[in-house]
Amino acid sequence: MATEPAGARTGTKVKKVAGKREEVTGHFAFGPAEDDAIIRQRLLTRTTTTRGEPPLKKLLKKFVAFVAEVDKSSDNVVECEKLYKSLLQELSTFELPLLKTRAVIDANKREQQSFKDLQQQLDQQTIQTRNDIEDLKIQLEQSKIERQHKEECEAIRRLIAAQPPRSETQNVITELEKEIATLEAENMTATRTLELRKKQFALLLHAVDSLQTTLEDEQQSSAIEQDTSGSGAFVSMEAPVAAAEPMAVDPV
């Protein structure tokens, strides 16, 4: 069974296939930090592959060869010119990728700046969207309240519509007022009649009381007369008896 290198790392990517999520595991020979170091070294040395001699090293060798040839005797002008042209060609070859890299760096900076601007715009849009959401929430609450009021008004309107017309209601009210007036008149008449009956009854009670007092006085008078007549007859009966008794004579 094969084993991963010491610096190897495993990356997991997720892709969608026909609406399904599938995880794809990728195996990398180096970690992120090591990748950055390798890319930086390749950019500095202009080494894009692992084959061949690095351009900077080749340029250094030609420069050393040119300097060494210049330090020799003055009879090697042709050789020096040849090495000089070769060095210039190597410099041009080395400079071209640098220019390309500079152009890429400038393009990346512009793109980075555009991304920053886009990020700021997105942030502003996000803030504006949140504010719009809050405003819409407030409007939604107000709409709910207005709808509730409309529903209440509609319910009241239905209740009002279910009631009879105002003319009929007014006629009913007029009839009820007439009945109330009639009942009040009847009540007033009944009250007066009741007051009259109260007075008559009070007078009747007073007459009865007077009559009863008179009867009692008459009964008392009759009783007194009877007592008087009875005592007179008793005296008249005792008088002859006293006359019939002999008179007592004192002896001499």
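**Arg157.** I started with Arg157, and at 46% relative accessibility it counts as partly exposed. I'm working from a predicted model here. Next I looked up the partner: Arg157 forms a salt bridge with Glu154, with the closest N and O atoms 2.5 Å apart. Glu154 is partly exposed too, at 30% relative accessible area. Both sit in helix α3, three residues apart, so about one helical turn separates Glu154 from Arg157. I then noted that Arg158 belongs here as well: salt bridges with shared partners join Glu154, Arg157 and Arg158 into one network.

**Glu151 and Arg147.** I stayed in helix α3, where Glu151 and Arg147 lie four residues apart, about one turn of the helix. They form a salt bridge, and I wrote down 3.5 Å between the closest N and O atoms. Is Arg147 buried or exposed? Arg147 counts as exposed, at 59% relative accessibility. Glu151 comes out as partly exposed, at 46%.

**Glu90 and Lys62.** What do the side chains of Glu90 and Lys62 form? They meet in a salt bridge, 3.4 Å from N to O. I checked where the two residues sit: Glu90 is in helix α3 (residues 77–162) and Lys62 is in helix α2 (residues 55–70), so this pair ties together parts that are 28 residues apart in sequence. Glu90 has 8% relative accessibility, so I put it down as buried, the cut-off being under 20%. Lys62 is partly exposed, at 29%.

Terms used:
Residues are numbered from 1 along each chain as its sequence is written. This is a predicted model: local features need pLDDT of at least 70, side-chain atom pairs count only at pLDDT 80 or more; totals for chains, interfaces and linings use all residues. Side-chain values use heavy atoms; hydrogens and water are left out. A salt bridge is a side-chain nitrogen of Lys or Arg within 4 Å of a carboxyl oxygen of Asp or Glu. Buried means under 20% relative accessible area, exposed over 50%, partly exposed in between (1.4 Å probe, protein chains only).
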